[in-house]
Amino acid sequence: MEPLTWTGSLTFLNPVFLTAGAVLVCAFVVQFFLGLFGMKSGDLIIQHDGTALRTRTPMDYIGFVTMGALYIALACVLAYLVGGLLLQGGSKGIIGHISTRLLPVWAAMIAVFALSITFKRRLGLYGKLFDSTVGMIGFGIVLFWVFTAIFYQLVLTHDPLTAVSGLKNKVPGTPTPEGTDGLAWYLLGGDNLARDVFSRMIAGSWEVMKIAPFATIFAFMVGITLGLPAGYYGGKLDTFLSFLANLILAFPVILLFYLLVTPEIVASGLPRYMAGVLFLFPIAFLVVLFNSRYFTDPKKQMLYIGLSVLIGGWIYLGVAWNADPTGLISMEGNILVVFVSVVFVNSPTVFRIVRGLALDIKTRDYVAAAQTRGEGPWYIMLWEILPNARGPLIVDFCLRIGYTTILLGTLGFFGLGLPPDSPDWGTTINSGRKLLSIYPHPALAPALALMSLVLGLNLLADGLREESLRD
């Protein structure tokens, strides 16, 4: 069987794409240097008859060239993806086969974007995100990896842990031996153990998505539960909690991670005990939230508190202590150690942000009005201060998922926490770096995946920041 080329039967588009890419790069360089010399776009002039006339400068013409080259390059990429869906066999090329494998992801993304844009005026801050080009791009990148993680079993072409004889360090598009399970090619080549790089990259998205967002949520629950009373009450409570937060932040992050995931610390059971304490905070947060909101309606109060304790306690037993009586919820020891480490490291930073916001917002008039009405302290903190701090917290949440993704990659790169054969991106980059100068593809694919996810989260945070300021 013949090896796959990158574009298959669509090679006639390659000169157009390469030319557009070269023009785009040159235009960016020219714009950069013109900007250094103070060149600006033309000004809008209102004439005596009321008509508007914009003057043209070289910067404007370079901008036209840049946008034209960008649109042509994007059209070529779209043609590669759509053409790959329509073609068959080897004529698809590597890009076409990847596009075909990602068909569930494309369908889910189109559905989410279509529904979100249709009802964006009813979706609050999330709907306003689609008025920001930067936010939409970031959201699209993040959504791509989220759905890739959800549908990763459908996207995989081979078992990410299985080695195939004869495919060690093979280049992208190499055919697999006859009788091999899965696709007839290694789309992104093989690594130093003859495993499929594409499948490991896709499986790695699931490893990241099942830890980073949820660990960040838990860190926010801890930080909010402690940060609100520290900022609202102040005094000795604030001093004590701030001292603990600063004490944790005084440790270098990597050193703290290394200490928490070392085999001796894990064997002592310390991560499990830390999980037992940290994972109580979401339950406590929900109980206080519903108790403060529905204290005048005992039926709803007991219902919501009961559900929070029942469902939260069930999840808590399974995740923290691996003692779920139904056996449905559990967390592997290695993942628990990494999860607890991420929550423990991120919580003090969230605490300081929430504390600072509470110190500022508690002086506002609507807080004074709530105090005058006789509302309790926790009602004011959770239903007056917290909603008005949502903008900065949502932005920080997106950024913190990116930081957590980088930390997970760093842990995997140093071989800490997750198993050595784990397909997470950090471990995959580490295993591929040893022959990076000869075979770059095993390390390049997960590195680009990690970079794109963090970039998408940063762009999403920028879009949310922009829209939250307008809100």
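Which residues of α20 are buried? They are Trp425, Gly426, Thr427, Thr428, Ile429, Asn430, Ser431 and Gly432, and with eight of its eight residues buried, α20 is mostly covered. Buried here means under 20% relative accessible area, exposed means over 50%, and partly exposed is in between, using a 1.4 Å probe and protein chains only. Helices (H or I, at least four residues) and strands (E, at least two) are DSSP runs, numbered from the N terminus.

Some ground rules before going on. This is a predicted model, in which local features need pLDDT of at least 70 and side-chain atom pairs count only at pLDDT 80 or more, while totals for chains, interfaces and linings use all residues. Residues are numbered from 1 along each chain as its sequence is written, and side-chain values use heavy atoms, with hydrogens and water left out.

Now the overall picture. The protein has 21 helices and four strands, and its C-alpha atoms fill a box of roughly 80 × 75 × 45 Å along the principal axes. Of its 471 residues, 47% count as buried. Take contact to mean heavy atoms within 4.5 Å: among contacts between residues at least 6 apart in sequence, 69% join residues at least 24 apart.

Rings of Phe, Tyr and Trp (its six-membered ring) pair if their centres lie within 6.5 Å; planes under 30 degrees apart count as stacked, over 60 as edge-to-face and the rest as tilted. By this rule there are 20 aromatic pairs. In one of them, the rings of Trp145 and Trp425 have centres 5.2 Å apart and planes at 70 degrees, so the pair is edge-to-face. Trp145 belongs to helix α6 (residues 133-150) and Trp425 to helix α20 (residues 425-432), so this pair ties together parts that are 280 residues apart in sequence. Both Trp145 and Trp425 are buried, and together with Trp106 and Phe144 they form one aromatic cluster.

Angles under 35 degrees count as roughly parallel, over 145 as roughly antiparallel, 65 to 115 as roughly perpendicular and the rest as oblique. On the α6 side the contact uses Trp145, Val146, Thr148 and Ala149, and on the α8 side Met201, Ile202, Ser205, Trp206 and Met209. Setting aside neighbours within four places in sequence, Ser199 touches Leu156, Thr157, His158 and Pro160.

Another helix pair to look at is α16 (residues 333-361) with α19 (residues 390-413). Their axes come within 11 Å and cross at roughly 155 degrees, which makes α16 roughly antiparallel to α19. Among the residues that meet are Val338, Val342 and Asn346 in α16, and Pro392, Leu393 and Asp396 in α19.

Most residues other than glycine have a negative phi. Asn322, however, has a positive phi near 55 degrees. Asn169 has a positive phi near 55 degrees as well; this asparagine sits in the loop between α7 (152-155) and β3 (174-175) and is buried, with a relative accessible area of 9%.

Finally, some charge and ring geometry. A charge sits over a ring if NZ of Lys or CZ of Arg is within 6 Å of the ring centre and within 35 degrees of the ring normal. Arg293 has its charged end over the ring of Tyr294, 5.4 Å from the centre, and Arg293 also lies over the face of Trp383, at 5.5 Å from the ring centre. Trp383 is in turn one of the contacts of Trp378, along with Thr225, Pro229, Val288 and Ser292, leaving aside neighbours within four places in sequence. Trp378 lies in helix α18 (residues 377-385) and is partly exposed, with a relative accessible area of 31%.

Note on methods: Axes are lines fitted to C-alpha atoms, for helices over the stretch in contact, and angles run from 0 to 180 degrees between N-to-C directions.
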